[in-house]
Each structure stands twice: as C-alpha cells, then as structure tokens.
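Student: Could you take me through how charged and nonpolar side chains are read in a model of this kind? I would like the general idea each time, and then the case at hand.

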Amino acid sequence: MTNIIEWDKKYSVDVPELDECQKQLMDMFNTLIEMKTSKADAKDVANLITEINDFSKIFFSKEEKLLGSKGYPDLDTHSKAHRRFIKKALGLRREIAEDVDHLAIEDIVELRNWLITHFEFTDIMFIPFLRLHRYVDECENKK
C-alpha cells in the first residue's frame with residue numbers, strides 16, 4: 001500500500017525512548033490506514049483512533065517533560081504544536097462518532113503526514129540542545 005510509511009532513522013531524536021514512541025505511533029497510523037482501506041469493523045477503527053489519541057498524549061508529555069527538565073527555550077511553541085496535533089486527532093474521533101464512513105483515508109494520511117513533518121522539521125530542532133546537555137552532564141559526572 002502506497003500510504004504506508006515506515007519509521008526511518010532520519011526521524012530519530014537521539015533519545016531511544018522517544019524514538020520508540022515515534023515508531024509505535026507510526027505503526028498505529030499504518031494500521032489505521034490498512035484498516036480503513038480494507039473496510040475493517042467500525043468499532044475497531046474507532047478504538048484505534050482512541051488509542052492513537054491516548055498514546056500521542058503520553059508520548060508528547062514524555063517529550064515535553066524531558067525538554068522542560070533541560071530548560072528547552074522553545075518548549076512553549078513546541079507544546080503548542082503538540083496540542084494542535086491532539087486537537088486534530090480528536091477531530092478524527094468526533095468525525096466518526098456517528099458513522100465511520102465519514103472518516104476519509106485522506107484525513108488519516110493528512111494527520112499522519114503532519115506527524116512525520118513534525119518529526120523531521122520540528123523535533124530535529126531540539127536534538128543539538130539535548131546533545132549539548134548530555135555532553136555537559138557527562139563532563140560533570142567525570143569530575
């Protein structure tokens with residue numbers, strides 16, 4: 001299926017726990033796309049969308065907690081982007097509240113693509129910041 005996208009190292013934020021969350025979220029979206037394409041049971045589709053919503057909240061919270069603990073200067077803007085994603089993901093759930101057929105594959109792919117763009121262009125911004133803090137912490141531990 002052409003809409004399926006596998007996690008790639010280019011999405012890595014160099015924090016194994018966060019990378020694993022990215023992979024899980026991408027897998028959920030790929031499963032959702034497959035389910036929608038194969039006309040899976042509406043209840044299963046709705047449940048997976050709920051799972052994506054719940055998991056993304058946990059994932060973003062972990063990321064924001066890590067960035068906040070290091071004093072990331074652009075945390076507020078970064079958090080706002082996460083909230084926009086959550087709002088759109090909740091919109092998917094509302095969209096199918098009465099009829100799963102109202103959910104278009106294009107809407108799923110659009111939200112998944114937003115997430116990938118966020119990984120590639122927004123998350124990438126904090127990698128040097130975290131690496132610098134990791135280096136400082138390592139130097140202090142050697143003293």
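Student: Is Glu120 buried, exposed or partly exposed, and why?

Tutor: In this predicted model, Glu120 counts as partly exposed because its relative accessibility is 24%, and that class lies between the limits of 20% and 50%.

Student: Which side chain does Glu120 meet in a salt bridge?

Tutor: The general idea is to look for a side-chain nitrogen of Lys or Arg within 4 Å of a carboxyl oxygen of Asp or Glu. Here the side chain of Glu120 meets that of Lys10, with an N to O distance of 3.8 Å. This pair links distant parts of the chain, since Lys10 sits in the segment before α1 (16-37) while Glu120 belongs to helix α4 (residues 105-122), the two being 110 residues apart. Lys10, with 47% relative accessibility, is partly exposed as well.

Student: How many salt bridges does the structure hold?

Tutor: There are six salt bridges in the structure. One of them joins the side chains of Glu17 and Lys62 at 3.3 Å, N to O. That pair, too, connects distant parts of the chain, with Glu17 in helix α1 and Lys62 in helix α2 (residues 42-70), 45 residues apart. Both partners are partly exposed, Glu17 having a relative accessible area of 47% and Lys62 a relative accessibility of 33%.

Student: Where do Lys80 and Asp76 lie, and what separates them?

Tutor: Lys80 and Asp76 both belong to helix α3 (residues 75-95), and because they are four residues apart there, about one helical turn separates them. They form a salt bridge in which the closest N and O atoms are 3.3 Å apart. Lys80 is partly exposed, at a relative accessible area of 40%, and Asp76 is likewise partly exposed, at 48%. Elsewhere, salt bridges with shared partners join Asp14, Arg131 and Arg134 into one network.

Student: Turning to nonpolar side chains, which residues form a nonpolar patch on the surface?

Tutor: In general, a patch of this sort is built from nonpolar side chains joined within 5 Å, each residue having over 30% relative accessible area. In this structure, Leu132, Tyr135 and Val136 form such a patch, and together they have about 300 Å² of accessible area.

Terms used. Residues are numbered from 1 along each chain as its sequence is written. This is a predicted model: local features need pLDDT of at least 70, side-chain atom pairs count only at pLDDT 80 or more; totals for chains, interfaces and linings use all residues. Side-chain values use heavy atoms; hydrogens and water are left out. Patches are made of residues with over 30% relative accessible area and no salt bridge: like charges are joined within 9 Å, nonpolar side chains (Val, Leu, Ile, Met, Phe, Trp, Tyr) within 5 Å. Accessible areas come from the Shrake-Rupley method with a 1.4 Å probe; for residues, only the protein chains shown count as cover. Buried means under 20% relative accessible area, exposed over 50%, partly exposed in between (1.4 Å probe, protein chains only).
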